[in-house]
Structure formats: structure tokens, C-alpha cells
Amino acid sequence: MSIQIPPAALAPDTLDSEEEHGVGLWRGAFRRMRRNPTAIVGALIVLGFLLVAIFGPLLTSYQPGSAEWSGQVTPTSVPGPSENHWLGLDRFGSDMWTQLVYGARQSLVYGVVSTALGLTVGAALGAIAGGFGAIGGRFGTWVDTAIMRVVDIMLAIPSLLLAVSIAAVLGQNKYSIMIAVGVAQVPIFARLLRGSMLGQGQADYVLAAGALGLRKRRIVIGHVMPNSIGPTIVQATLNLATAIIEVAALSYLGLGEADPAVAEWGRMLVAAQDRFDVAPRLAILPGIAIAVTALGFTLFGEALREALDPRTRK
Amino acid sequence: MPEMTVQAEPTLGVGRRTDVLLSVRDLAVSFGLRGQKSVTAVDEVSFDIRPGQHVGLVGESGSGKSVTALAIMGLLPKRGVEVGGTVEYAGRDLRSLREQDMAELRGSDIAMVFQDPMSSLNPVVTIGIQLEEVIRRHEKVDKREARDRAEVLLRRVGIPDPGRRLGEYPHQLSGGMRQRVLIAIALACGPKLLIADEPTTALDVTIQAQVLEVLKELVAETDAALLMITHDLGVVAGLCDEVNVMYAGRIVESTTRARLFAAPRHPYTGGLLESIPRLDKPRGTPLRPIPGSPTQTIPWTEGCAFAPRCRNKIDQCTETSPALEKLADRKLRCFNPLPAEADRNGVDE
């Protein structure tokens, strides 16, 4: 479910072409991304998604889940695009466009919160394990091993299954879905950050920092971490895509938001199921919304990874 | 800084002297993981450095120079590494110091300049911060004062527009500038001993000379003692008072610079000198390389490690291991040394 990034992907390199001169790592990455069509497409999609999610209420005059026009919906027909509803109605008689717009907001909140949760917990675990493992000596290795074995156990459980279990235990509410999707991401971030920190721990500048008598904590936080965090940030961008899909999947399975007044892409798919023969757009439209959003984050994340990877710098 | 004793005749004494800054005795380092045969990288290494003295440690790749430096600094990994012998700094046994106490010494009393200026600087941290953090680690100064001192340091190592450079990242500087920054960082807290591990190897020849000049000036200015680790006899000639030549982890010849260049006694040292061009030989004289490669060694326990490549080899060389003998003017580990040419002219003593 996740795209593996080589731990060394971000280790800034020795290249300094004329163009690179005078440019910091992140600013250089930004410049490279601006020249990359993939990055631009990804960024535009992400930007569009963000705008729709944030300014949704300005894009429609209806309320989500209102079922205002439920009288027009019959078992054999769902009204299609019309003057007042340019994407038609959904099967409960709400405005389809309004549902999609508000659904974007849901997806953004769920995606960001769950990824942020996974990132925070995962990166914290990874940083502790990696920091101790990199320069903590024998005791550090022990701490590293202990943490990573727990993470390995988490990793052994398929993420969707883990999410289903957590959602099942915590009950059907919006927090459980965020926690479920977030927890499923923890091992990815933990392993990624730990791996790159262990790699950076071998770097010459860490030895040099030791030769200056810097304290171990300072070396880990001030030197190893900043060099290791890049792949993790890229992974977070990529994980947003996965998180949005997983939230939709969990909602589809009936583990998501319980309030019918809240529009959610995954649930729109469920609702579309039994009308697929009469109004396929009910499934296709939210399907496209999910796919395009996930694609946007993936393209953006991939481009970011490439831009930061010294080996692909031209 | 105590007054330096200027000695007419450089001493080669092994005995403990009160004015010795660093005393290394029988240093031995071997690498090996459990269950595997360990490899001895450094053995029987002993030398002294007096305050302000410049000592060279010369040898080719793999001769144990860098390992010696890391062992002195206590920076070798703990696992799979065995260190023997003693390292005394200003009368304190460094090897029995607690890690925290050793960390206090590193960077303030004993500093080190590494070989590769690119990888020894953190690529994502500005050089200003990298300078300031050393100063603030060892001295009680606030951020502003640390920054001012960092700027002064950069100016002293000859970096133009230091105020602006402080905010730049290592990749924005040229190789020579980076090495100057490393020298500035190493000298930031006024160390009494500077260990320079091949500080110019990664640089262009023209830049090498500039960086050496900066190093030489600053070391002289600050009265720091210098342990110069190099494979380059030219660097030794320009910088060191005394020279220790290492081969396969042991010191094979140890004497003053003048004596070493005037009359090398160990065939390895002689070979090194003959393999570089000299102004006092006619032009076109072919250089005589040392035959073979450093991989052709025999363990010191079975004889002289240099024997397989040695022109002066005698039977004894592959039968017993030569000890480091103390002669009148040097220490030498050889059964059949080159002839003494004490009266040879042309080199100032």
C-alpha cells in the first residue's frame, strides 16, 4: 500500500552544479519541481482539492444530506443533471454536486488528521529507535530492537484489517476511523525514519560532530534528524492518498461517519450500489473524485521525492 | 599557555616528560566480531607530542594512521573493536575517562580535522550553526557572541564575506572553503592539540597549498600542537618537526624531519623518498617506485611486514619480527637498515 523510498533518498549530495549554487536543499527541490510536468499536474490537483474542501460552502447554495428533493427519486430513476442540479440528485434526493463538494472536506479532514496521527506517532517511535540505534551503543541497540519489534508486529497486520479492527473496537464514529487509518500508518513512518536515521548515523559528519564533543542528544536532534526527515515528509504526502482511499473504503464498509447528514465519498459509493443500473454516475462521480484526489497526492509526493533525491538531480 | 621550551636538539626520549602534552604508549587496535578472526590494524604505536610541537604520522592507505587518530580521540566504535595501550593527555589517561569527560575534552582541548570536507560538514545545517554549536558546547556564551566569534573565525581562515557565509550551507562553498570551515570549527575553542587527518587529500593541488598555509599559520598563532596524519611527504616537509612513519599498523621509523629527509634508514622510508621527484637530482632521473602493493604484507608476528616488498631483505626478515630499536638519532624497526649518512649535506637541521 505504500511506496518504498530508499532510505538514502534524501541524503543531500556533493553535486553542486552552477544552477544549484546558492540554493538551499528545499528551495532547490522547489525549483526542480517547477520544471517537472508531473509535479505541476499533481500540485494543481492537490490545490484544486484543497480549494474545494476549504471553500466548499461558497461553491453551492444547498446543504449536504438535505434530501430536499427525495420526492423526485424513484426506485427506477434518479433525476440527472438539470438547471438547478448540474450533476443531478443522489439517490436520497440531495444535490449531487453539494455532496461531492462537502465530501471533499470530509476526505481532507480525515486524510490529514489520520496521516498526521500516523506521522506523529510513527516518527516519534522511529526517531527514538533510530536515535538510540544510531549512536546509543549497546543500550541504544536494545531500545531500538525493542521498539522495532513492536512496530514489526503492527506491520504484520494488513493495514485495512487493522483499521477495521480498531474501528470495530472503538465503535462507529468519526474519531475511530481517523485513529484506525492513522494507526495503520504508524509502522511505515517508524520504519522509514528509523532506517534513514541509522543510515545517517554512519555519516562522516556524525563522527565529526562526535569529535567536537557535541552531546549525543544534540547530534541526534541537530544533525541526524534533519538529514533523515525528508523521506518521511515525502511519505506523508504519499500516505495522504492512501489515507483518503482507506477512509472511503472504511466508510464503504459501514465503519465510518454515522451521521447521514454528513457527505462522504465512500458512503456515496455504497448508496449508489443498488441504483447502478439506472444511474451509474452516482458511483462514477465519487469514484472519480477519490481516484483523482489520490492521484494528485501521489503525483505530488512522487515529484517531491524525485526533486529531493540527489540521484535524480540533473 | 605555558611557555614553550625550545630545544636545540629535538629529543627522541621515550621516558615520561613533564612537558609532554600527548603520550601514546603501545597503542593497539584490533577489529573483529565475535567468532571471527580479529584483524590488528594498529600495534605497538608509541609517540609523544609536546606542547606546540608538530608531529607527522606518515604512511600509505591502510597503514593505521586514521585508526590511531580515532583511538586517541576515543571515537572508535565500541563493538567489535579492541583497544590496548595507553593514551595520556596532559597527564590524564584518556582511555579510562568516562564518556562525558572525554566529550568535554573533544572539540575544546583536542580537536580534529577530517579528510573529506564535504561529508564532514552536515549538509542541511548552515555553517554558522555548525560553528556556533561547538563554541556554545564548550564555552558559556550567548548566541550573539557565538555568532560574532564564528564570524571572526571564518575571517581568520581566510573566507571572504564571512557574515554572509555563516548563513550558507556546505554545498554552497567550494571544497577549499569547506576545509577552511572545518579548520575554523576545529580551532574554535582554542585546542591545545589538533589532529589533522589528511586534511588536504580531498582537495586540488593548488587549494592544498592554500589550506596547508592557513593551517600552518593558525596552528602557529594559537600555539596548538599538531598531529598531522598524511601520506604526503611534501606536507610533512613543510609542517612537521618530528615524523613517525607507519607501515602495516606499526611505526617503522621515527625521527626528526631533517634527519628523515637527509638520511632515511628504513627501506620503506627510503623507498617513499625515492618515489617522489627531488630538486637536487638531475632532471629526467627516473623515480624508483616501491615494488609491490601494500596488500603484500606478512603478519608482523611472522617477520617484518614490509619484507615482501623490501630491497634490503635478508633471511632474518621473514624469520623473526623486528623490534623498534632506539638508535642515537632515531627509532628504527629494521634488521638491515639503509646506511647512515649522518654527514650528508644539503638539508638544514
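This note covers the domains, sheets, chain contact and core of the model.

1. Basis. This is a predicted model, in which local features need pLDDT of at least 70 and side-chain atom pairs count only at pLDDT 80 or more, while totals for chains, interfaces and linings use all residues. Residues are numbered from 1 along each chain as its sequence is written, and chains are lettered from A and ligands numbered from 1 in the order in which they are written.

2. Domains of chain B. Chain B is assigned domain 1 (22-247) and domain 2 (263-332); such bounds come from an automatic or database domain assignment. Their C-alpha centres are 28 Å apart. In the contact between them, 8 residues of domain 1 of chain B meet 11 residues of domain 2 of chain B. Contact here requires C-beta atoms, placed from the backbone, within 7 Å. On the domain 1 side, strand 2 (39-49) and strand 9 (242-247) of chain B give two or more residues each. Helices (H or I, at least four residues) and strands (E, at least two) are DSSP runs, numbered from the N terminus. That side of domain 1 of chain B has 3 nonpolar, 2 polar and 3 charged residues. Ala, Val, Leu, Ile, Met, Phe, Trp, Tyr, Cys and Pro count as nonpolar, Asp, Glu, Lys and Arg as charged, and the others, Gly among them, as polar.

3. Strand 1 of chain B. Strand 1 (residues 22-31) runs antiparallel to strand 2 of chain B, with 7 bridges. Leu27(B) has Val45(B) as its bridge partner there. Strand 1 of chain B also pairs with strand 4 (residues 81-89) of chain B, antiparallel, over 8 bridges. In that pair, Val29(B) is opposite Val83(B). Pairing requires at least two DSSP bridges between two strands.

4. The open sheet. Chain B has an open sheet of 8 strands in the order 6-7-8-3-9-10-12-11, with mixed pairing. Strand 6 (110-113) and strand 11 (325-326) of chain B are its edges, each pairing on one side only. Strand 11 of chain B is joined to strand 12 (residues 331-332) of chain B by 2 bridges, antiparallel. Lys326(B) faces Lys331(B) in strand 12 of chain B.

5. Contact between chains. Which chain A and chain B residue counts make up the contact? It takes 23 residues from chain A and 28 residues from chain B. On the chain B side, helix 2 (99-105) and helix 3 (127-138) give two or more residues each. Helix 3 of chain B gives the largest share, 4 residues. The chain B side divides into 14 nonpolar, 8 polar and 6 charged residues.

6. Helix 9 of chain A. The buried residues of helix 9 (residues 265-273) of chain A include Trp265(A), Arg267(A) and Leu269(A). Buried means 20 or more other C-beta atoms, placed from the backbone, within 10 Å of a residue's own. Their cover includes helix 3 (96-135), helix 8 (216-252) and helix 10 (281-308) of chain A.

7. Leu233(B). This residue lies in helix 8 (residues 233-239) of chain B. Leu233(B) is buried because 21 other C-beta atoms lie within 10 Å. Its contacts beyond four places in sequence are Val58(B), Leu272(B), Leu273(B) and Ile276(B). Leu233(B) and Leu273(B) are 40 residues apart in sequence but 7.7 Å apart, C-alpha to C-alpha.

8. The core. The largest nonpolar core has 181 residues, with Ala180(A), Ile183(B) and Ile195(B) among those with the most contacts inside it. Domain 1 (22-247) and domain 2 (263-332) of chain B both contribute, so this core lies between them. A nonpolar core is a set of buried Ala, Val, Leu, Ile, Met, Phe, Trp, Tyr and Cys residues joined through C-beta atoms within 7 Å. Beyond four places in sequence, the contacts of Ile195(B) include Ala69(B), Ile110(B) and Leu227(B).

Definitions and conventions: Contact = placed C-beta atoms within 7 Å. Buried ≥ 20, exposed ≤ 12 C-beta atoms within 10 Å, placed from the backbone.
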